[in-house]
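Colleague: I would like to go through this model with you. Could you take my questions in turn?

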Amino acid sequence: MSQRPYIVGNWKMHGTRAMLAEARAIDRASERLMTAEVALAPPFTLIHATRNEASLIGVGAQDCHAADGGAHTGDISAAMLKDAGASFCIVGHSERRADHGETDAIVRAKAEAALKVGLGVIICVGESEAQRDAGNAEDVVLGQIEGSLPTGYNADHISIAYEPVWAIGTGRTPTLEDIAAMHQAIRGKLVSLYAEAGANIRILYGGSVNAANAAEILAVKEVGGALVGGASLTAEKFLGVIAGAPDEALD
Ligand code: PGA
């Protein structure tokens, strides 16, 4: 399994076809920046076009429905994403959990649906500020992992993104010690759920990652990459983040 950090841009609800130029520039530069495995999750409407424009980077989706198909107006199945050119799907992002009431059980069902059709999944977890202040951050995150992570699937296709809700889009990040402690706790949980395979599941950090802090965050033990929102929207910013991948991560 590649030890290179997995750096994934989450474009959220940003991007029309005009933004394909950014995807192209990220793709071109990624060939030179071999220290990281790079991917983008554009909105549904740009998945197919991004796949066509960008041949080196991974292209994925930000969500999928748990069902194979049926009467779910406005929803998109994992098989449709695959057909459009996606190779992975983010599930359980805190914005989906908050805006759409997604529970751990729903997130797990979505992850299973994606894995079943052969997509990789990035399962997001993270505590709120109140939960951290109350000293419950670790319990909350490990509980989300227990509830959201499907078992019995190939662990190579699963990544976790630890994203403290209070760090998303705020410019605030936990201390490196707090990131290390949480990633260590998550690793323990993954090994308890997936045995040895749990030792290889990549644990990404997300929340206000940018060109200035990427190198120090990516160097933290058990940080296997980053899920990047705002700083993935232009090639210039995202390439700055990717440049933070440590050289020694090269295979
Ligand atoms: P941010 O978002 O980098 O803009 O904080 C990260 C995320 O929500 O995935």
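Modeller: Helices (H or I, at least four residues) and strands (E, at least two) are DSSP runs, numbered from the N terminus. This is a predicted model, in which local features need pLDDT of at least 70 and side-chain atom pairs count only at pLDDT 80 or more, while totals for chains, interfaces and linings use all residues. Residues are numbered from 1 along each chain as its sequence is written, and side-chain values use heavy atoms, with hydrogens and water left out.

Colleague: How many helices and strands does the chain have, and in what order do the strands close into a barrel?

Modeller: The chain comes to 10 helices and 8 strands. Two strands pair if DSSP finds at least two bridges between them. The pairing in the barrel is parallel, and the order is E1-E2-E3-E4-E5-E6-E7-E8.

Colleague: What is the average twist from one strand to the next?

Modeller: Axes are lines fitted to C-alpha atoms, for helices over the stretch in contact, and angles run from 0 to 180 degrees between N-to-C directions. From one strand to the next, the twist averages 25 degrees.

Colleague: What radius of gyration does the chain have?

Modeller: The radius is taken over C-alpha atoms, and the globule rule is 2.2 Å times the number of residues to the power 0.38. With 251 residues, a compact globule would be near 18 Å, and the chain agrees with this. The C-alpha atoms fill a box of roughly 45 × 45 × 35 Å along the principal axes. The radius of gyration of the chain is 17 Å.

Colleague: How many residues of strand E5 are buried?

Modeller: Buried means under 20% relative accessible area, exposed over 50% and partly exposed in between (1.4 Å probe, protein chains only). For E5, residues 120-125, the count is 6 of 6.

Colleague: Which residue of E6 is the bridge partner of Ile123?

Modeller: E5 is joined to E4 (residues 88-91) by 4 bridges, and Phe88 has Gly120 as its partner in E5. E5 is joined to E6 (residues 158-162) by 5 bridges, and these two strands run parallel. Ile122 is bridged to Ser159. The partner of Ile123 is Ile160.

Colleague: At what angle do helices H7 and H8 pack?

Modeller: Two packed helices are described by the angle between their axes and the distance between the axes. The axes of H7 (residues 137-148) and H8 (residues 176-194) are 10 Å apart, and the angle is about 35 degrees.

Colleague: Which residues of H8 make the contact with H7?

Modeller: Contact means heavy atoms within 4.5 Å. H7 contributes Ala137, Glu138, Val141, Leu142, Ile145 and Glu146. The residues from H8 are Met182, Ala185, Ile186, Lys189, Leu190 and Leu193.

Colleague: Is Arg97 buried or exposed?

Modeller: Arg97 is in helix H4 (residues 94-99). Beyond four places in sequence, its contacts include Glu102, Asp104, Cys124, Val125 and Gln144. Its relative accessible area is 15%, so Arg97 is buried.

Colleague: What is the relative accessible area of Ile217?

Modeller: Ile217 lies in helix H9 (residues 214-218). Not counting residues up to four places away in sequence, Ile217 touches Leu176, Ile179, Tyr205, Val209 and Val223. Ile217 is buried, and its relative accessible area is 3%.
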